[in-house]
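Hello,

Here is the structure I said I would pass on. My notes follow below it.

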Amino acid sequence: MSALMEAVRAGRTAETLRLVEGMTATERRASLPGLKELRKELRAVPPWEDRSERVRPALHLAGAACHTGAAAAAAWLAASDLRWRQAPTESLLRVLGTGTRAGWPMWRTGWPSDRCPRGCRTT
């Protein structure tokens, strides 16, 4: 089991944040199957049980950080099974906000000055 999965399963949100910030895009992508599997496991556990309460914020954070597309990350963040206990807003903003690390998708690093999102140019 990877260090990220251990941190998420233990519900250590601060450690999860530190780990995902140090991961490459490939490492984050490789972590997704395990995070999705854990999410399936937790669907069978009532959200008010101690294990679930402890794990869900770290899972919420890790899943959002590990998705490489904006739509997939947004779907993870808004998922009804993860709404009961979410990651701290500051942590989410930190991993989803503007960054400069190589390998992060364009939607996380900001648009280059000579580019524009689809549909913003009028010709």
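**Helix H4 and its surroundings**

H4 and H5 are roughly antiparallel to each other, because the angle between them is over 145 degrees. Please keep in mind that this is a predicted model. In numbers, H4 (residues 50-66) packs against H5 (residues 70-78) at an angle of about 170°, and their axes are 8 Å apart. On the H4 side the contact is made by Leu59, His60, Gly63 and Ala64, and on the H5 side by Ala73, Trp76 and Leu77. Sorted by class, these are five nonpolar residues, two polar ones and no charged ones.

H4 itself has a bend of about 30° at Arg56, with a proline, Pro57, following within four residues. The end-to-end length still agrees with expectation: at 1.5 Å a residue, the 17 residues of H4 should span 24 Å, and the end C-alpha atoms are 25 Å apart. Of those 17 residues, 13 are buried, so H4 is largely enclosed by the rest of the structure.

Gln86 sits in the loop between H5 and helix H6 (89-96). Is Gln86 buried, partly exposed or exposed? Its relative accessible area is 38%, so Gln86 counts as partly exposed, the class between 20% and 50%. Leaving aside residues up to four places away in sequence, Gln86 touches Pro57, His60 and Leu77. His60 and Leu77 also belong to the contact of H4 with H5. Between Gln86 and His60 there are 6.0 Å in space, C-alpha to C-alpha, although the two are 26 residues apart in sequence.

Regards

Conventions: Residues numbered from 1 in each chain as written. Predicted model: local features only at pLDDT ≥ 70, side-chain atom pairs only at ≥ 80, totals over all residues. Heavy atoms only, no water. Axes fitted to C-alpha atoms, helices over the stretch in contact; angles between N-to-C directions. Helix = DSSP H or I, 4+ residues; strand = E, 2+ residues; numbered from the N terminus. Parallel < 35°, antiparallel > 145°, perpendicular 65-115°, else oblique. Contact = heavy atoms within 4.5 Å. Nonpolar A, V, L, I, M, F, W, Y, C, P; charged D, E, K, R; others polar. Buried < 20%, exposed > 50% of the residue type's maximum accessible area, 1.4 Å probe, protein only. Expected span 1.5 Å × (residues − 1). Bend = angle between axes of the 7 residues up to and from the residue.
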